[in-house]
Amino acid sequence: MKTLRRNALSGYSWLMLVFLYLPILILVLYSFNDSRINATWTGFTWKWYVSLFENRQVMQALMNSMTIGVISSVIATVLGTAAALAVKHYSLRWSNIFNGLMYLPIVIPEIMMGLAMLVLFSQVHMELGKVTLILAHVTFSMPYVMVIISGRLADMGKELEEASQDLGATPWETLRYVTLPLIMPGIIAGFLMAFTLSLDDFIISFFVAGPNSTTLPLYIYGLVKRGVSPEVNALSTLLIVSTVLLVVVAEIFRRKDSKNNQSIF
């Protein structure tokens with residue numbers, strides 16, 4: 001009976017994985033199809049990738065995504081790290097409310113957040129463009145950074161920081177030479193997570209992007225409205241591969257951080 005139950009659970013797990021990843025594999029496969037029609041396979045080719053990199057609009061959308069992603073991720077990482085350190089080291093009177101408000105962008109629907117950001121920018125008469133995109137991406141990615149770094153700080157404890165101060169180090173020296181090096185893998189993982197979220201975001205970007213700030217997800221959406229072509233498949237494949245690589249790197253840093261934490265404490 002146990003064997004049957006284990007086999008049934010294993011089969012169900014594999015079925016769910018196939019259900020989740022088979023459409024992605026089909027998309028990747030047809031990005032190499034020699035025909036413009038996705039319904040039939042006519043042969044292997046790289047021409048859609050070559051055509052993609054020769055497309056100036058794609059390159060502009062890619063540059064926009066990279067620029068917005070890097071800038072917003074740096075800002076979100078700095079703010080998220082500062083927020084995590086503040087929550088750990090200072091007893092705030094309304095700390096529970098603060099934590100709840102910080103986690104709110106993670107749980108609320110993106111369409112509501114995108115609409116809220118659009119209303120805010122309209123009220124302050126801010127022109128939609130790269131600046132509004134960066135501000136919006138910082139807003140929804142900073143809580144993720146804070147969660148990652150807060151977990152690292154919670155595991156780290158206060159012993160090493162207290163020992164540093166007992167040996168004569170100032171609070172700034174303790175932060176610079178003890179705290180930041182210990183949580184650096186978490187900071188890097190938070191940055192990579194923020195960059196991944198920024199690179200993949202569509203819904204919030206759809207509300208706050210201007211005419212000259214089209215990102216890759218918005219460009220893909222525009223192509224899909226005219227019909228799915230192999231170029232869309234190729235672009236989507238590159239976006240998927242980039243996202244997977246970033247997540248893998250972030251996970252490597254997170255595991256490294258966890259192992260270092262165990263070896264220290």
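Author: Happy to! Let's start with Ser72, which counts as buried because its relative accessibility is 1% (buried means under 20% relative accessible area, exposed over 50%, partly exposed in between, with a 1.4 Å probe and protein chains only). A word on the basis: residues are numbered from 1 along each chain as its sequence is written, and side-chain values use heavy atoms, with hydrogens and water left out. The model is predicted, so local features need pLDDT of at least 70 and side-chain atom pairs count only at pLDDT 80 or more, while totals for chains, interfaces and linings use all residues.

Ser72 sits in helix 3, residues 56-89 (helices are DSSP runs of H or I with at least four residues, numbered from the N terminus). A polar atom of the Ser72 side chain lies 3.3 Å from the backbone oxygen of Gly69. Leaving aside residues up to four places away in sequence, Ser72 touches Ile134, His137, Val138 and Ser198 (contact means heavy atoms within 4.5 Å).

The UniProt record, an unreviewed entry, lists several spans as "transmembrane region", among them residues 66-87; such annotations may be inferred rather than shown by experiment. Residues 66-87 are 100% helix and 0% strand, with end C-alpha atoms 31 Å apart.

Helix 3 also packs against helix 10 (residues 216-225), at an angle of about 145° and with the axes 8 Å apart (axes are lines fitted to C-alpha atoms over the stretch in contact, and angles run from 0 to 180 degrees between N-to-C directions). Gln57, Val58, Ala61, Leu62 and Ser65 of helix 3 meet Leu216, Pro217 and Tyr219 of helix 10. By class, the residues of this contact are six nonpolar, two polar and no charged (Ala, Val, Leu, Ile, Met, Phe, Trp, Tyr, Cys and Pro count as nonpolar, Asp, Glu, Lys and Arg as charged, and the others, Gly among them, as polar).

Another helix pair is helix 7 (residues 159-166) and helix 8 (residues 171-200), whose axes come within 10 Å and cross at roughly 145°. In helix 7, Leu160, Glu161, Ser164 and Gln165 meet Pro171, Thr174, Val178, Thr179 and Leu182 of helix 8. That contact has four nonpolar, four polar and one charged residues.

His125 lies in the loop between helix 5 (110-123) and helix 6 (130-156). Its phi is near 60°, a positive value in a residue other than glycine. Most residues other than glycine have a negative phi.

Note on methods: Helices (H or I, at least four residues) and strands (E, at least two) are DSSP runs, numbered from the N terminus. A polar contact is a pair of N or O atoms within 3.5 Å; within protein, one must be able to donate a hydrogen and the other to accept it, and residues adjacent in sequence count only if both atoms are side-chain atoms.
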